[in-house]
Structure formats: C-alpha cells, structure tokens
Amino acid sequence: MGILNVTPDSFSDGNTLYQAGQPAGDKVLERAARMVAEGATILDLGGESTRPGATAVSVQQELDRVLPALELIQRELDVVVSIDSSTAQVFSEAAKLGAGMLNDVRALGRDGALVAAAATGLPVCLMHMQGNTPADMQLSPHYEDIVAEVGDFLRQRVLACEQAGISRDRLLLDPGFGFGKTLEHNLRLLNQMQRLQLLGLPLLVGTSRKSMIGQALDRPVDQRLAGGLATAVMAVQKGAKIIRVHDVAATVDAVRMTEAVMMESKGVEA
Ligand code: 9MG
C-alpha cells in the first residue's frame with residue numbers, strides 16, 4: 001500500500017504534492033503512477049495529517065483535498081484507492097467516486113462513521129490509537145500489556161462494526177504503530193504482533209519513516225528507509241498482509257524476498 005498524502009503538512013514527505021495551497025493534480029498523479037509502477041496494488045489517499053500534534057481539518061477541506069485526487073487516479077490508473085479518513089461524509093462521497101477501501105485511524109469511532117462506512121459496502125481497516133485524537137495521543141501513553149490491550153480494543157471495534165452491519169469479511173486490523181505509543185511500546189508490539197493473528201482478520205501495518213525508527217536509530221525522517229524495511233520484513237514474518245509505505249520499490253523487494261524464504265519452509269516455490 002503506497003501512501004499518498006494530499007496534506008500541506010505531511011511530516012514524512014514534506015508538502016511535495018502541494019502548490020499554492022492546493023493539491024497539485026499533476027504531482028499527485030505522477031507520484032501515484034510511480035508507486036503503481038513500483039508494485040503498489042493499493043494507494044492510501046488522505047487529506048488529514050495524523051502526525052502527533054497535527055491541526056484539525058474541516059470536512060470541506062478534507063473533501064476538497066481528497067475527491068479531486070481520487071477522481072484523477074480513478075480516471076488514469078488501474079489501482080485500488082483506499083481512503084485514509086475518519087469522516088462519514090468523506091467515506092460516502094469517496095465511495096460514490098469508486099474508492100475501493102476505507103482506512104480509519106480512529107477505527108470508525110467518530111460520529112456517523114460506522115453507519116456511513118456500512119452503507120458504502122467497502123472493506124475497512126480499523127486501526128488502534130490510544131488517546132482520542134492524533135493531537136493528544138502522544139501525551140502520556142500507558143499500557144499494562146500493550147498487545148493484549150490493542151487486541152481487546154480491536155475486538156470491540158469488530159463487534160461494533162458487526163452490529164452496524166459491517167461483516168467480518170470486510171474488516172482488516174492495524175495495531176497502529178506510533179499512535180499513542182512510546183518506542184518501547186512499538187517495539188513490544190512488533191515483537192509480539194503474531195498474537196493479534198488470533199483475531200482471525202488480515203493485519204495491515206504502517207511503520208514507514210515513523211519516529212519509532214528515528215528514535216531507535218537516531219535518524220532524521222529522510223534517513224529511515226533501512227529501518228523501515230527491517231520493520232516491514234518483521235511485520236510480514238509475524239503475519240501482516242498489507243504494508244503501508246512511502247518507499248514502494250524497496251519495500252516490494254524486501255517483502256518478496258521475505259515471502260520467498262517463508263514459502264521455502266512450506267515447500268512451495270515463490
Ligand atoms: C493514516 N495512517 C498513518 N499511519 C498509519 C498506520 O500505521 N496504519 C494505518 N492503517 N493508517 C495510518
């Protein structure tokens with residue numbers, strides 16, 4: 001899954017898809033096409049920055065950022081577009097334009113989100129975050145047993161989805177690396193991520209260029225590729241089915257190599 005942030009304040013890829021305060025269509029399309037050529041089968045398109053301390057965005061701003069980019073990609077490229085949003089109206093409008101998936105860092109916790117997501121009929125990724133918003137999530141994260149607590153949260157959100165009419169076969173789960181978690185929490189979560197496979201749903205993981213890599217290796221955001229690849233490989237070994245990244249080409253190679261080795265132990269040629 002390639003990351004396509006159409007936000008003016010994206011921490012990890014600058015505001016390179018922006019010009020004169022607006023998402024620049026040609027740049028968005030160029031980046032999207034490159035990620036598809038490099039092997040991305042899903043693009044995650046988002047109009048709200050979810051980095052710690054990010055400022056809130058209005059519904060209209062989010063619609064204005066996401067919908068034109070979605071239309072353009074749908075018209076020009078053959079790829080599934082996932083919508084990175086927590087907003088009911090964005091889900092509904094994006095689904096009308098052909099979005100293929102919803103990715104919600106708030107696990108459909110916002111008003112109207114469950115109902116709107118259910119009505120789209122689309123697959124949904126439910127992510128764990130401690131704290132209510134990206135603005136406050138890093139204030140003082142605390143867990144007794146992070147893997148168990150992330151698992152409990154996700155299990156409850158799966159139940160809420162089922163009650164709202166979203167069947168389990170439409171759901172993916174994400175432990176939410178960096179969302180209300182210290183470096184130690186993130187490392188423990190990655191080490192023990194296989195425990196989340198007990199929930200029986202596909203796992204999606206995003207560590208690309210995140211501060212957990214910066215902290216572990218003491219690297220600025222533009223020097224985190226090697227660390228990101230290491231975490232991607234471990235995530236695949238521990239059951240991740242989708243890896244959300246900025247650097248598609250390198251990650252595709254790392255994941256294919258990991259899968260080749262994993263297949264060998266099952267006696268299957270990659
Ligand atoms: C939007 N976004 C930023 N980081 C993410 C992550 O780790 N997982 C998912 N599902 N979405 C994310």
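Reply: Start with the second largest pocket. Of the elements that line it, α9 gives the most, with eight residues. Keep in mind that this is a predicted model.

Me: Which elements each supply at least two residues of that lining?

Reply: β10 (240-243) and α9 (248-265) do. The lining has 20 residues, and those nearest the centre of the pocket are Lys241, Ile242, Ile243, Val255 and Glu259.

Me: How much space lies in the second largest pocket, and how does its lining divide by residue type?

Reply: The space comes to about 430 Å³. The lining of this pocket divides into 13 nonpolar, three polar and four charged residues.

Me: How do I read a cavity?

Reply: The general idea is that rolling a probe the size of a water molecule over the atoms shows where empty space is left. In a cavity such a probe fits but cannot get out, whereas a pocket is open. Here, a search of the whole structure finds one cavity of 30 Å³ or more. The largest cavity has a volume of about 80 Å³.

Me: Which residues line the largest cavity, and which helix gives the most?

Reply: Among the lining residues are Thr207, Ser208, Arg209, Arg224, Leu225, Gly228, Leu229 and Ala232. Val245, Asp247 and Thr251 also line the cavity. Helix α8 (residues 225-237) gives the most, with four residues. By type, the lining of the largest cavity holds four nonpolar, four polar and three charged residues.

Me: Now the ligand. What surrounds the ligand?

Reply: The surrounding residues include Thr50, Asp84, Asn103, Val105, Cys125 and Met127. Asp174, Phe179, Leu204, Gly206, Lys210 and Arg244 are also part of the surroundings. This shell divides into five nonpolar, three polar and four charged residues.

Me: Which side chains have polar atoms at listed distances from nitrogen or oxygen atoms of the ligand?

Reply: For nitrogen, an N or O atom in the side chain of Asn103 is 2.7 Å from a nitrogen atom of the ligand, and a polar side-chain atom of Asp174 lies 2.6 Å from a ligand nitrogen atom. For oxygen, a polar side-chain atom of Lys210 lies 2.6 Å from an oxygen atom of the ligand. As for cover, the ligand taken alone exposes 310 Å², and the protein buries 97% of that.

Me: Last, how do I read the overall form of the chain?

Reply: Compare the radius of gyration with the value for a compact globule. With 270 residues, such a globule would have a radius near 18 Å, and the chain has 18 Å, so the two agree. Along the principal axes, the C-alpha atoms fill a box of roughly 45 × 40 × 40 Å. The secondary structure of the chain comes to nine helices and ten strands.

How values were computed
Residues numbered from 1 in each chain as written. Predicted model: local features only at pLDDT ≥ 70, side-chain atom pairs only at ≥ 80, totals over all residues. Heavy atoms only, no water. Near = heavy atom within 4 Å. Polar contact = N/O pair within 3.5 Å; in protein donor to acceptor, adjacent residues only side chain to side chain. Areas by Shrake-Rupley, 256 points an atom, 1.4 Å probe, with all protein chains shown as cover. Nonpolar A, V, L, I, M, F, W, Y, C, P; charged D, E, K, R; others polar. 1 Å grid on protein atoms, 1.4 Å probe; cavity = no way out; pocket = protein on both sides within 12 Å on 5 of 7 lines; lining within 4 Å. Points joined across faces, edges and corners; volume = space filled by probe spheres on them. Rg over C-alpha atoms; globule rule 2.2 N^0.38 Å.
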